[in-house]
Structures are given as structure tokens and as C-alpha cells.
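Please have a look at it first.

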Amino acid sequence: MATPDDESTPFPQFNEHIPGHIGVVQYERGGACVVVAHGAYDLHSIGPLADALQTAAAKHARVVLDASGITFADSTFLNMLLSTHRMTDLRVAGPAPQLRRVLEMTGADTVLDLRTTVEDAVT
């Protein structure tokens with residue numbers, strides 16, 4: 001993994017995230033499926049994340065969304081979270097301040113299970 005001052009790669013990575021790029025990674029931990037998302041999510045970019053969460057919800061009783069790398073989220077993202085919440089025990093781990101603000105302004109923070117870290121969310 002590259003570090004912020006590693007000049008051997010064209011894109012510096014932080015916490016496995018490449019700034020400005022969207023992406024989804026999945027793995028199992030503590031009996032839960034962890035879906036790691038990074039980047040900006042709107043109507044045009046939500047597809048891969050929505051598919052990953054829907055697949056995870058169909059197979060696992062608990063799904064953790066590592067939201068620490070999400071840089072932008074709109075109402076499409078919020079609707080996807082609420083839909084996934086109805087299908088499984090969804091826990092949102094480490095939401096960035098912008099995402100936390102959206103969740104608080106819409107009242108979704110009172111419906112969704114927000115956790116500080118993935119470690120906390122998988123237990």
C-alpha cells in the first residue's frame with residue numbers, strides 16, 4: 001500500500017482509498033459482511049455500491065458499510081441506505097462529517113445504526 005508521501009504511484013492512497021475515485025470492496029469479518037465504499041455517490045455512480053449492499057443483505061444477517069471514504073452522498077445514497085436497512089441489520093461505520101451531517105439533517109441518524117469504527121460495527 002502506498003503512503004501519502006510515496007511518489008512511486010501516480011495516485012496517493014489513504015486508508016486504501018484513492019482520492020477522487022469511486023470503488024467498492026467487500027470482505028467478511030466477525031460474521032458480518034463489510035462493504036467498503038469510497039468516492040462520491042449520486043444517481044450516476046450508485047449502481048456498484050447498491051448492487052454490493054443488496055447482494056450482501058441477501059446473504060448476511062448483518063452488513064457493515066465502511067463509509068469513512070465517502071466524499072459526497074445525495075438523496076440517492078440515502079434512499080439506498082434506508083432500503084438496505086429494511087433488508088438486513090445494516091450498520092454504517094465511520095461516516096465522514098459531510099455524510100453524518102446529511103444523516104442528521106434528514107433524521108436518518110435516528111433510524112440507521114451509526115458506529116464509530118468497523119471494529120465496533122462488526123461486534
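This is a predicted model: local features need pLDDT of at least 70, side-chain atom pairs count only at pLDDT 80 or more; totals for chains, interfaces and linings use all residues.

How many bridges join strand S3 to strand S4, and do the two run parallel or antiparallel? Strand S3 (residues 62–73) and strand S4 (residues 89–93) run parallel and are joined by 5 bridges, and within this pair Arg62 stands opposite Asp89 in S4. Residues are numbered from 1 along each chain as its sequence is written, and side-chain values use heavy atoms, without hydrogens or water.

Helices (H or I, at least four residues) and strands (E, at least two) are DSSP runs numbered from the N terminus, and strands pair if DSSP finds at least two bridges between them. The sheet is open, with 5 strands in the order S1-S2-S3-S4-S5 and mixed pairing. Strand S1 (23–29) and strand S5 (113–115) each have a single partner strand, so one side of each is left without a neighbour in the sheet.

Turning to the helices, the axes of H1 (residues 47–59) and H2 (residues 75–87) come within 10 Å and cross at roughly 5 degrees; axes are lines fitted to C-alpha atoms, for helices over the stretch in contact (heavy atoms within 4.5 Å), with angles from 0 to 180 degrees between N-to-C directions. H1 and H2 are therefore roughly parallel, a term for angles under 35 degrees. Leu49, Ala50, Leu53, Gln54 and Ala57 in H1 meet Phe77, Met80, Thr84 and Met87 in H2.

Note on methods:
Angles under 35 degrees count as roughly parallel, over 145 as roughly antiparallel, 65 to 115 as roughly perpendicular and the rest as oblique.
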